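Please follow this explanation with the structure open beside the text.

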Amino acid sequence: MRNKGAILFLTVALVLVSAYQLFFTFKTSRVEKAAQVYANGDPVKEKEYLDSMANETVYNFFGAKFTYKECKELELPLGLDLRGGMNVTMEVDVVDVLKSLSNNSQDPAFLQALSEASRLRVTNPKDFVTLFGESFARIAPEAQLASPDIFGTVELKDRIAPGASNREVLDVIRKEANTAIDNTFNILRNRIDQFGVAQPNIRKADISGRINIELPGIKDAQRVRKLLQGTAALEFFETFENAEFYQNLANINDKARELESAQTVLADTVQHVKTATAGEEILQAPAETPQNEADTTGGLEELIQQTADSTGLLQNAEEFRKQNPLFALLSPAIDQTGNLGRGSAIGYARLKDTAAVNRLLATPQIKALIPRNARLIWEAKPNGDIVAMHAIKITTRDGKAPLDGGVVVDARTTFDDRTGAPVVSMNMNGEGAKIWARMTKENKDRCIAIVLDGYVVSSPNVNDEIKGGSSQISGNFDVKEADDLANILKSGKMPAPARIIADEIVGPSLGQESIQAGMWSFIIAFCLVLVYMLFFYSKGAGLAADIALLLNLFFLFGILASIGAVLTLPGIAGIVLTMGMAVDANVLIYERIEEEKRAGKGLRLAIREGYKNAYSAIIDGQITTLLTGFILYYFGEGPIKGFATTLIIGILTSLFCAIFISRLLIERAAAKSDNVTFTTKLTQGWLRDTKFPFLQKRIFSYAISGAAILISFVFLFTKGLDKGIDFVGGRTYTVVFDQPVQVGDVSESLEAVYGSAPEVKTFGKDNQVRITTKYKIDEEGMEIDDEVESLLYQGLKPYLAEGTTQEQFLEVNRQMSEKVGPAVAEDITRAAVWCVILALLGIFLYIMVRFSQWQYGAGAVIGLAHNVIIVMGVFSIFSGLLPFSLEVDQAFIAAILTVVGYTINDTVVVFDRIREYHTIYPKRSSKETTNEALNSTLRRTFSTSLSTLVVLLAIFIFGGTSIKGFVFALLVGILVGTYSSIMIATPISYDLRMRFAKKEKSNK
C-alpha cells in the first residue's frame, strides 16, 4: 500500500484530536461525580458545588488551562432524551410586525390579506411576507402598498418612496421582518442565558421565522413558557449615582451582620458563600490551580481584598466574610484610587453569587432598608463571570418607566465623526422626544439606564439636554455590540412576539433510564460484533477488523465531540447500526482476499488484489447510504438530525478504518508470517460454491412479494397507520403511576375533563401510559397549555398517590410531554414525503450513471419501494397488537430511509459483481452471469445481514421503550431488504435488461 506514512500520520492525528476532545467529557464527569459525593443526594448542594467549580481549572493540556465551565461547553453534549429537559419550537408572529410597520392600518384589503396569509402559512412553506404579498395582489390587484393608508408612513418614508411598486415595498417589509426575527432571536437567547441551564441550544430553523430551543434539565415548563413567550419590555429609567447609594448598601451590610449573628433567615445565604471552598478537597482542584494565581476577570477574592484594603476594613478574607455578609457577595463599585466609582453600577458579584444576593435583598428586614423609589437590577451582559448591579430610580406613581420602547422610531449603528468608534443613533417620535428632553435635562452628568426584560443593557451618561428626539449613545462598543443595542432599541417600535408551536418535555428520570438502556444495548451489541468477527474470520483477520472497529468508534465519538454534535438516543442507535454496517466493508474485503487465495495467488498479492477489487462495491454502497443520511440531516429536526449526523460520520470513519487501518494491520501481519487466515474451519465452507438458480425461481419471489404488497395495501387503506402527533398534531403525555392502571379507566376519567376521550396506551410497563389528545390544539397561548396540563392532573388524580400536588405530578409522574401544532405537523409531513422521494430519485440517478444502464436504477428503486410498502404494511397490521408503540413519527421516517440506504448497499454489491462478471465472462449468457454473481455474494450478504441483525436485536431487547418501534422498523426493513436485494431488485433489473435488449434487436 502506498503512502503508509501519510496514513499513519493521519491516524495518529485523529487519535490525538479525539483524545483531546473526549477528555473534556471525562473531566466534567469527574467533577459531577465529585459533586454527587459531596451533595449526598441533596440537589441544592450539588448545584452549589458545581457553581463553585465553574471557574476552577480542571483540565490542563500542555499549559492550556480549562475551567469546569469551559470544559462543559466543549464536552460531548447529550440530547434531551438522554438527560431530560425541554425542547421548544417557537414562531415569531410576523403579523404583528406588519401591523406595527403600517401603524396598525385599518385598510380592509390589508387586513383581509393578513388574515388569508395567516391561514395559508399552515400548509404553505413560503415565508409570511411572500404569502401576504400574493394574497394582497389577489384581493386588491390595483391597490398600492406604498399608499399612506398602509406602509407609506412617516416612519418608513426614508425606505419606501411615494409610488413605489408593491414588489419594492415587500422587499423593504421583508428586510424589516427579518430584522425583527433576528432581534427576537437575540432577546430569546438573552432570556435563555438567564435560566442558568448548562449547554442551552438555540438556533434558527430552516423555515423562516421559526426558532428551535433546547433547555437541558428544565423542570418548570410553565415558567419557561411564560418567559419565552412574553413580549420584550424596553424601558428607560433614571438612576441613582453609586456614591449616593453606597450608604444604603452599608446599612444593608450592617443589618445582615446583625441577622446572621442572631442565626435567623440568612443562615442559608452564608452557607452558600462558604460552599465555594468546600468542594475543593473532593476534586483537589487547587493542585492544578494554585491559590496565588489571580483571576484575570477580577475574581471575588480579589474584589473582596480590594474592598477590604480600600475601606480600611479587616484584611483577613475569611473574617471579612463574617463581618460583611453583603460585601462578601456584592463588592462595592470602587475605582483604582479607592474612591467610589461614578455611574449607576453600585456593585459587582460573581454570576454564581447573584442568587444569594437576590435572596438576601428579598429578606423583609433587608428590603425595608432599600428606598421605596429604588429598584436594584442586574446588568444583562457579564464581564467574564462578574456582573454589575445597578440602582434605578422610580419617578412615577405607578412604578412604570417614564419612557418605553414604543416611542423609538428608529435606531441604527453609525460611527463617531471624531473618533470613528461605533455609536448607536436613536430617533424618537414627538411624544417621546418631549419626555426624553425633560429626562436628559434633569439628569445631566448622570446615567439613564436602558432596561430590557428587567436587565440593564446599557447605562449611558447624559452630557447635555437632548431635544428633537435624536440621540447618540456612545460607549466601549464594537460593531456587533452596537448592532445588538440598535436592534434592541428598535424592538420597541417593532414588537415581534414569539409563540410556542411545538414543545417536548423529558423528565430527568426517563432520561436516566434512556442512558442506561442505551448504554447497555450499545455495549452488548458492540461485544457481539467483536465476537462475531473473531468467530467467522479467524483470530488474525477478525482481530484486525476488531481493532479497526474500536478505532472507528473512538474516532466517531471524538469527531462528534469536536463538532459539538448532540448525542441522542436515536443517535446511539445510529452508532450501533453503523458498527453493524462497518462490518460490511471488512466482509467484502476478506471475501475478496479469500477468492484470490483460492485462485492460487500468494498471500501478499491476494491481499493487494482483494482490497483493489473490493473498493468499487464498498464505495458505491457507502455513497448511496450517505445520500440517505444527508437527506435525513437536511430535512430532519432534533433527534432525527442527531441520528443522521452519527450515521454520516460513522460511514466516513468506517471507510477510513476498514480500507486503511485494517489494511495496515493485515499487511503487517502478512510481512511477519504467511499463515494469515481469513476464515475458520467452522465457517470455511459456509455458503461457498452454491449453485442456487435464483432467476429461475423468481416467479415464486414475485408471487410472494405481490401477495405481501397486496395485503399491505389492504391494511393501509382499511386500518391505516397509527400516525403520531408529528403528522396529525396534538399533545402527548407519558405518565408513570405507583400502581398498574387500566387504560380504559384512564381514558374514561380523562374524557370527563376533556369532553372527548383521548387515546391511552400502555407504554412499556403496566404502570406507565402514553396519552394523546387534540384538546384545544388549534388554540394558542400560555393559558391554553396551562389549562390542558391542569385538566390532565384533575383527570388522573384518582390514580395518583394521595396528597400529590399538580407541581409534584408535573415534575415526577409526567415523564415526558410533547406538543405539535397543526403548522408543524404539516411541515413534518411535507418534509417526510420529500425525504422519501428525493432518496429514491437520488439513488436511481446515481445507479443509472454508475452502471451506465437505467434498468439497474429502476430495479433498485422498485426493490426499495417494495421494502417501504411492506414495512408500512407490517406497522399497519400489528399496530395495537404488540406490547410497544408502532406510531408512525419522524423516527419511523428515519428508519425507512435507513432501510433504504442499507438495502441499496446490498443491491449495489450484487450489481457490482454482475458488472464485473459481464466483463470477465463476456460470452456467458446474462442469466448465467447474474445467477453466478448472486451466488458468489451470498456469503457476504449472510455475514453483513446477520451481524447487523444481531446488533439491532441487542438494541431491541436491551434498549429503552421509546426506541422499540424505531428498531422494530429497522429489523423488519433489513430482513425484507436482504430478501429483496436478491429476489426482487436483481431479477427485475435482469427482466428489464432482457426486455429492452429484445426491443433494440427487433428495431434494428
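In this predicted model, strand β19 (residues 759-762) pairs with strand β20 through 4 bridges, and the two strands run in the antiparallel sense. One of these pairings can be located by its residues: V760 has I771 of β20 as its bridge partner. The hairpin of β19 and β20 has 5 residues between the strands, and in this hairpin G764 takes a positive phi near 80°.

Strand β20 also pairs with strand β18 (residues 730-736); 6 bridges join β18 to β20, and these strands run antiparallel. Here R731 has T773 of β20 as its bridge partner. In general, the strands of a sheet pair through backbone hydrogen bonds, in either a parallel or an antiparallel manner.

Is strand β20 mostly covered or mostly uncovered? Strand β20 (residues 768-773) is mostly covered, with 6 of its 6 residues buried. In a regular strand, side chains alternate between the two faces of the sheet, so each face may be considered in turn. On one side of β20 lie Q768, R770 and T772, on the other V769, I771 and T773, and all of these are buried; both faces are therefore covered.

A further sheet is open and consists of 3 strands in the order β12-β13-β16, with antiparallel pairing. Its edge strands are β12 (408-415) and β16 (470-473), each of which pairs on one side only. From one strand to the next, the twist averages 20°. Strand β13 (residues 422-428) is joined to β16 by 4 bridges in the antiparallel sense, and N427 stands opposite S470 of β16.

Two helices pack on this sheet. Helix α17 (residues 430-442) touches β13 and β16, and its direction makes about 115° with that of β13. Helix α18 (residues 479-490) touches β12, β13 and β16, and its direction makes about 170° with that of β12.

The last topic is the packing of one helix against another. Two packed helices are described by the angle between their axes and the distance between the axes. For helix α5 (residues 94-101) and helix α6 (residues 108-120), the axes come within 11 Å and cross at roughly 165°. Because angles over 145 degrees count as roughly antiparallel, α5 is roughly antiparallel to α6. The crossing of α5 and α6 is right-handed. Helix α5 contributes V95, L98 and K99 to the contact, while α6 contributes F110, L114 and S118. These contact residues comprise 4 nonpolar, 1 polar and 1 charged.

Note on methods
Residues numbered from 1 in each chain as written. Predicted model: local features only at pLDDT ≥ 70, side-chain atom pairs only at ≥ 80, totals over all residues. Heavy atoms only, no water. Axes fitted to C-alpha atoms, helices over the stretch in contact; angles between N-to-C directions. Parallel < 35°, antiparallel > 145°, perpendicular 65-115°, else oblique. Left-handed = near helix turned anticlockwise from the far one by under 90°. Contact = heavy atoms within 4.5 Å. Nonpolar A, V, L, I, M, F, W, Y, C, P; charged D, E, K, R; others polar. Buried < 20%, exposed > 50% of the residue type's maximum accessible area, 1.4 Å probe, protein only. Pairing = 2+ DSSP bridges.
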